[in-house]
Amino acid sequence: MTRIRKLSVQNFRGIRSLEWLPEEGINCLVGPGDSGKSTVLEAIDLCLGARRAPQIGDADFHLLDCGREIVISATLGALDGNLMALESYGQFLRGFDRTVGLLEDEPGQGLETVITVEMRIGEDLEPQWSLVSDRASRLGLTKNLSWGDRTRIAPTRLAGAGGHNLGWRRGSVLSKVSDEKVDVSSVLSRAARDARTTFGEEAAKDLASALQSVQGLSDRLGVPVGTGVTAMLDPRSMDIRSGTVSLHDSDGVPLQGLGLGSSRLLVVGLQRLVAEQASMILVDELEHGLEPHRIHRLLSELGSKEQVPPLQAFLTTHSPVAVKELTTHQLQVVRRTSSGEVSIVRVSVAGDVQGAVRLAPDALLSRSVLVCEGATEVGFVRGIDRYRTDHGYPSLTAHGVGLVDGGGSNTFARASAFIAMGYRTAVLRDSDRPSGPEEGAFLAQGGEVFAWRAGHAVEDELFLGLGDAAVGALLESAVAMKEADLVDQHIKSTSAGRHGLEHLRNLIAFGGLGLDERGALASAAKKGGWFKQITAMEDAAHDVVGPNLRTADAQLTKVVIDAFKWIDGV
């Protein structure tokens with residue numbers, strides 16, 4: 001049940017440096033593209049995989065700088081008897097404090113006994129593996145894992161369909177399911193001999209003329225071919241290896257021909273079967289070939305719902321379905337600076353963001369996050385974004401910005417959680433209630449806040465800040481959604497009977513709306529929930545606010561412009 005306790009990567013591809021303490025079970029790496037997620041999996045495979053001569057080139061060095069070594073080290077815990085054997089690895093066993101992630105050169109009380117495997121690649125492109133400890137270095141001792149131990153702990157790599165693992169090949173997960181062996185060489189040798197003989201008998205008939213010509217020529221030239229040259233299969237062309245045996249279905253069709261999703265599910269299931277012997281698996285882009293319900297099944301097979309993880313899984317994903325399925329303890333956000341410094345932060349350390357992850361899983365896959373106080377604000381931003389996109393501006397998704405519903409009172413707690421995970425984060429909030437200390441703490445962390453004027457919710461801003469024609473369009477949108485009688489009741493209720501639908505329609509038609517009438521409409525919109533649904537506000541912002549923003553008052557326009565400047569990264 002070997003586990004990686006600590007991973008260190010230096011100068012490998014897009015990673016200049018990384019220090020990471022993985023979790024015991026599922027480690028699902030999320031984050032924007034080019035942050036280094038797949039490179040982390042490749043580093044683990046290079047360091048611990050059972051490959052004698054991996055393909056390495058100049059492009060594998062960070063910024064193509066071959067003068068700086070690639071160094072990848074993996075500290076392994078939960079060691080079995082073989083790896084704990086003093087006669088084999090005693091001078092390389094060390095102690096690890098899991099609470100703080102620190103290594104001691106000697107095992108000790110309260111420390112987990114671990115061993116560190118290191119791989120170095122220099123300018124000659126030749127990988128060199130070794131075990132690492134200070135005391136072994138002082139004694140001049142060098143050693144690597146035995147090939148048997150290395151093969152046993154090597155992680156299963158699932159990149160494409162995983163067909164390699166559906167045959168009895170060296171290092172395949174299928175070869176670890178049981179100790180049973182098939183005498184492949186003898187069986188295939190007999191089959192090859194029978195095939196050569198049968199072919200030779202048929203060829204003697206079909207190629208009689210050519211064989212006679214070759215025989216006569218050989219006799220004339222004195223070339224020793226015996227009394228009768230024959231045509232048979234060349235034994236050197238018969239590829240007799242253990243890898244020629246693979247799984248087939250009941251119709252004799254190789255399972256390597258299964259669809260991508262089915263093949264991946266089967267390999268993950270096999271890995272679960274052999275978890276006691278081979279306890280690590282690497283799955284890049286886990287959603288490939290899988291429908292949502294099969295993503296659930298794959299993650300379940302990896303132990304996503306189990307308190308005691310059956311194996312240690314390193315996954316990458318861009319699937320919101322996978323993000324929603326996993327807990328924040330199993331999700332790890334990968335962030336990469338422009339200089340190649342990579343950090344991996346567990347989502348759960350940022351606080352209680354499970355609700356935000358469930359509502360907006362795509363936010364974890366973004367570069368920046370705009371936390372909106374509620375569904376109304378989410379719809380508003382989406383609608384303005386659609387309007388801008390219609391007129392040639394890049395969408396917020398093109399800028400890698402995700403929207404999160406802050407859930408009202410949870411807004412700043414969720415925003416602070418995202419900023420703690422390294423996301424560029426801002427908040428769009430109402431101002432109909434006073435700000436609290438959480439807002440100050442968020443601003444101190446480097447966040448930004450866009451807020452309507454004091455005492456205003458978004459409905460107040462729109463009905464008080466837009467021109468008469470735009471206010472009339474908003475009113476008619478509400479009528480289309482809620483029906484005229486209900487809208488009339490809302491207006492009369494919130495204005496104490498001073499105004500009604502038809503009265504306001506007449507004032508709008510003649511440009512005579514005053515502050516009292518506008519305030520009544522804003523109150524009716526809030527109380528009646530005219531635009532509380534994301535889609536309702538999105539349509540209103542796209543159809544009405546966007547086209548009329550140029551004629552709106554300065555404060556409303558400023559908040560919208562400032563928010564979208566932030567979205568654009570200006």
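**Helix packing and burial in the predicted model**

Ala-563 is found in helix H21, which spans residues 554-567 (helices are DSSP runs of H or I with at least four residues, strands are E runs of at least two, and both are numbered from the N terminus). The model is a predicted one, in which local features need pLDDT of at least 70 and side-chain atom pairs count only at pLDDT 80 or more, whereas totals for chains, interfaces and linings use all residues. Residues are numbered from 1 along each chain as its sequence is written, and side-chain values use heavy atoms, leaving out hydrogens and water.

With a relative accessibility of 7%, Ala-563 counts as buried (under 20% relative accessible area, with exposed over 50% and partly exposed in between, for a 1.4 Å probe and protein chains only). Val-381 is 182 residues from Ala-563 in sequence, yet their C-alpha atoms are 8.9 Å apart in space.

Burial also marks helix H13 (residues 411-420): eight of its 10 residues are buried, so H13 is largely enclosed by the rest of the structure. Among the buried residues are Phe-412, Arg-414 and Phe-418. Their cover includes helices H11 and H14 as well as strands E14, E15, E16 and E17, contact meaning heavy atoms within 4.5 Å. After H13 comes Gly-422, with a positive phi near 95°.

Turning to a helix pair, H8 (residues 260-273) packs on H9 (residues 292-301) at an angle of about 15°, their axes 9 Å apart (axes are lines fitted to C-alpha atoms, for helices over the stretch in contact, and angles run from 0 to 180 degrees between N-to-C directions). Residues making this contact include Leu-265 and Arg-272 of H8 and Arg-297 and Leu-298 of H9.
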